[in-house]
Amino acid sequence: MRSEMLSQEKNVLSMKVEFEPAEFAKNVDLAAKELASKVNIPGFRKGHAPRKILEMRFGKQAIFAEALEKMLPDAIETIVKDYELDLIDEPDVKIDTMEEGSPVEITMTFEVTPEITLPDLKEIMVERAVALVNDETLDKTIEEIKVQNSTLAPVENREITPSDTVEIEYFTAVAGDDGEEERHGPDTTTLDLNQSSVRTEIRDALLGKKAGEAAEASVLVEEDYPEKNLVGKTLRYEMTVKTVKERILPELEPEFFKKVLQQDCDTLEAFRGEVKNRILERMKADNQSRAEYDAVEIITDKSVLDVPEKLVQRQAEAMEKEDEERIQRSRKISMDEYLAESSVSREEYGQNLRKQAEAIVRRSLVLDKIGDEMNISVEKEDFEAEMGSLASTYGIDAERLVTSLFKDEKRLTEMANRIKYKKTVSAIMDNITVKDAETAEEKPAQE
């Protein structure tokens, strides 16, 4: 086999490939024998039909095509190795000449990873917020912990307060397109009036009421409402209070401290200190993640490359499939129905999806390039550490997790890619300048 590069435009290469007549003839014979062994032809034992009979039945070109299919894998492997190609897809093959007794000539078109020019990492700087927990934040967190561990107790003959949880039955009324009011219900729901997600109009209407009493609230539907056909309209809720429950908060005592912290803690001071430390650790992790994200975005923006259209299309198709499955799973409706509800056209959805897909592909290519230049690899120890972390997080046996993972090639590849991504980002952070950002509380007071 001989190969010659014909052209290269961006990340697309065209190669002329020529096979010797003897090599082609050998594979034609093999293809004919394999075909004979697979088909039943009247008058001949299976596997013994002469080649002329096979050509008459299936056509000479069909046998030639089978022979070429046998030769292509080795040819592609040789070209990839000789020219050090990093393919992003199987090559397209165009047959130029294919006859016995003459060289077989084909043209292969390869799409490869594009050339990427990276910025100098030492010139990249990101800010990382400093983790700081003040008394107000600590008090609020402890109050949230108490609420999460609270119980609800029914109350009777008492007016509703902002800290109560109420069960209501309600009808919804809205003006239809013809001006007539449409009324739906009754429905029931439970509202924790202490939650910010409860609309102010509804909370205000319920406050001061008692179980068994009625209340009414009108709410203007805003732009972010999922049912776009209702945006701008006013919904009127006719509510009846079914039950009222008050929240009983736990006492701040050693038993409660141990339940929350999963460790012994005897005093309120020690409990506050441990909660503060855990908030700090979480904030540090969040701030580090944000700085890492910013660093990757800056590097990606400063990198020079042409993003292959085929990779963008592939990513967009995968994302659309995920969206369709998620919508079907959660809403039991089709993508077209969901888009109609959201007042988004297929074209708008496709444009937005493509933009996201291109950003993902671009970022992935840049990270792969950095990983290769830094010789980032995934070792056995990396897998073991990741497995241990997952096992600890989900409370499962590490050995069983390893066994199940190594039976699933797709999940194994995904984990390897995730580990390499994390190691690459960590290496990036070691090579750029990270400036801890001064928070408002750290800045000196202005005189």
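Reader: What covers the buried residues of helix 6?

Author: Contact here means heavy atoms within 4.5 Å, and buried means under 20% relative accessible area, against over 50% for exposed and in between for partly exposed (1.4 Å probe, protein chains only). The cover over the buried residues of helix 6 includes helix 4 (135-148) and helix 7 (268-302). This is a predicted model, in which local features need pLDDT of at least 70, side-chain atom pairs count only at pLDDT 80 or more, and totals for chains, interfaces and linings use all residues. Residues are numbered from 1 along each chain as its sequence is written, and side-chain values use heavy atoms, with hydrogens and water left out.

Reader: Which residues of helix 6 are buried?

Author: Helices (H or I, at least four residues) and strands (E, at least two) are DSSP runs, numbered from the N terminus. In helix 6, which spans residues 254-261, the buried residues are Phe256, Phe257 and Leu261. They lie on the same side of helix 6, because they cover an arc of only 115 degrees around the axis; the arc is that of the directions from the helix axis to the C-beta atoms. An α-helix has 3.6 residues a turn, so residues three or four places apart point the same way.

Reader: Which exposed residues does the face turned away from the buried side carry?

Author: That face of helix 6 carries Glu255 and Lys259. Just after helix 6, Gln262 takes a positive phi of about 60 degrees.

Reader: Is Asn287 buried or exposed?

Author: Relative accessible area decides this. Asn287, found in helix 7, is buried because its value is 16%. Among the residues that Asn287 touches are Arg128 and Val130, not counting residues up to four places away in sequence.

Reader: Is Pro154 buried or exposed?

Author: Pro154 is exposed, since its relative accessible area is 64%. The residue belongs to strand 6 (residues 151-155). Not counting residues up to four places away in sequence, Pro154 touches Val244 and Lys245. Lys233, 79 residues from Pro154 in sequence, is 35 Å away in space, C-alpha to C-alpha.

Reader: How many helices and strands are there in the protein?

Author: The protein has 13 helices and eleven strands. Its radius of gyration, taken over C-alpha atoms, is compared with a globule rule of 2.2 Å times the number of residues to the power 0.38. The protein is more spread out than a compact globule, because its radius of gyration is 33 Å, well over the 22 Å that the rule gives for 447 residues. Along the principal axes, the C-alpha atoms fill a box of roughly 100 × 60 × 50 Å. Of the 447 residues, 31% count as buried.
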